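Welcome! Try each task before you read its solution.

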Amino acid sequence: MIYKAVSHIHSTISYDGKVSLSEIATLSKESGVEVVCITEHSDYLDLDDVHNLISECREYSDDSLLLVPGLEVPHADGHVLVIGIDDEIKSLNPLSVIEQYKDTAFIVFPHPHRSSFIISDVLLGRLDAIEVWNSQYDGKRYPRSRSLRYVRRVQQRGSGVGVFAGLDFHRRSHWGGPRIEIEAAGATQKEITRALKRGDYRIVGAGVEISSEGEVGGRALWKIEIVGSLYVFITSLFKQLSQVLHAVGIRPPQGIKEWLRRNI
């Protein structure tokens, strides 16, 4: 069966999240999403917080929606998403989390451009996928072409790493962007993470379909190269402008910020 999913989702459990898990569950159901991969920042959390996260994901899951608990942990190379943690988690040391769950959870390297597309061979050997489409940095309509090219080069060196996409959701205006269509035997955490690790999914966006290996369907490649690159430029320019304005004590117009978050 095919399940519509979104990934890289932060709630108020993360230090910078603005939307509760309960609200995320409601938003997902209203949008026809059936699986949500939660990836809370592990910064400032302890094991009790993580167990509460796992418990809340169970509480807000039902026959129409599955919340899969996960973490975004800091790493020397950048950050790592560990999707599919459970009550057996032993430590919040980032390397320990990755090592404990490398065989059962879905391990993703997000927003690789922030790390200048540098991933150590040791970490690469633990990864299932690299996030080639992060809608907060790349826009909601197309993936980053440079990220796709980077993954192809990594694959040509013999890595079996796939591609993935996420919303990097922190607030309501971040909703929208790439979805993941997962082919799984059932809507349980075990079946969903198994399907992800097998590569039984595809990324779907506005006129764009990408296989788990990174193959782009139809005639979308030129749109990614041209239009997608334009969205990346606009998003990056506004983020840089916002930083400059904040540095001199000026707040960027909130209306423009929210429009860009909703539409670009």
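The exercises below look at a sheet, a helix and some loop residues.

This is a predicted model, in which local features need pLDDT of at least 70 and side-chain atom pairs count only at pLDDT 80 or more, while totals for chains, interfaces and linings use all residues. Residues are numbered from 1 along each chain as its sequence is written, and side-chain values use heavy atoms, leaving out hydrogens and water.

**Exercise 1.** Find the strand order of the open sheet of six strands, and say which strands stand at its edges.

Solution. Strands here are DSSP runs of E with at least two residues, helices are runs of H or I with at least four, and both are numbered from the N terminus. Two strands pair if DSSP finds at least two bridges between them.
- Step 1: the order reads β4-β2-β1-β10-β11-β12, and the pairing is mixed.
- Step 2: the edges are β4 (66-68) and β12 (209-211); each has a single partner strand, so one side of each is left without a neighbour in the sheet.
- Step 3: look inside the sheet, where β1 pairs with β2 (residues 35-38) in the parallel sense over three bridges. The bridge partner of Ile9 in β2 is Ile38.

**Exercise 2.** Which residues of helix α3 are buried, and what do they pack against?

Solution. Buried means under 20% relative accessible area, exposed over 50%, and partly exposed in between (1.4 Å probe, protein chains only).
- Step 1: α3 spans residues 94-101, and Val97, Ile98 and Tyr101 are buried there.
- Step 2: these residues lie on the same side of α3, because they cover an arc of only 95 degrees around the axis. The arc is taken from the directions from the helix axis to the C-beta atoms.
- Step 3: with contact meaning heavy atoms within 4.5 Å, the buried residues of α3 pack against β5 (70-75), β6 (78-83), β7 (106-109) and α4 (121-124).

**Exercise 3.** Describe Ser14, then inspect the phi angles of His111 and Phe117.

Solution. 
- Step 1: Ser14 sits in the loop between β1 (2-9) and α1 (21-30). Its relative accessible area is 2%, so Ser14 is buried.
- Step 2: leaving aside residues up to four places away in sequence, Ser14 touches Glu40 and His41.
- Step 3: most residues other than glycine have a negative phi. His111, however, has a positive phi near 30 degrees, and Phe117 has a positive phi of about 55 degrees.
- Step 4: the loop between β7 and α4 holds His111 and also Phe117. His111 counts as buried at 4% relative accessibility, and Phe117 counts as buried at 9%.
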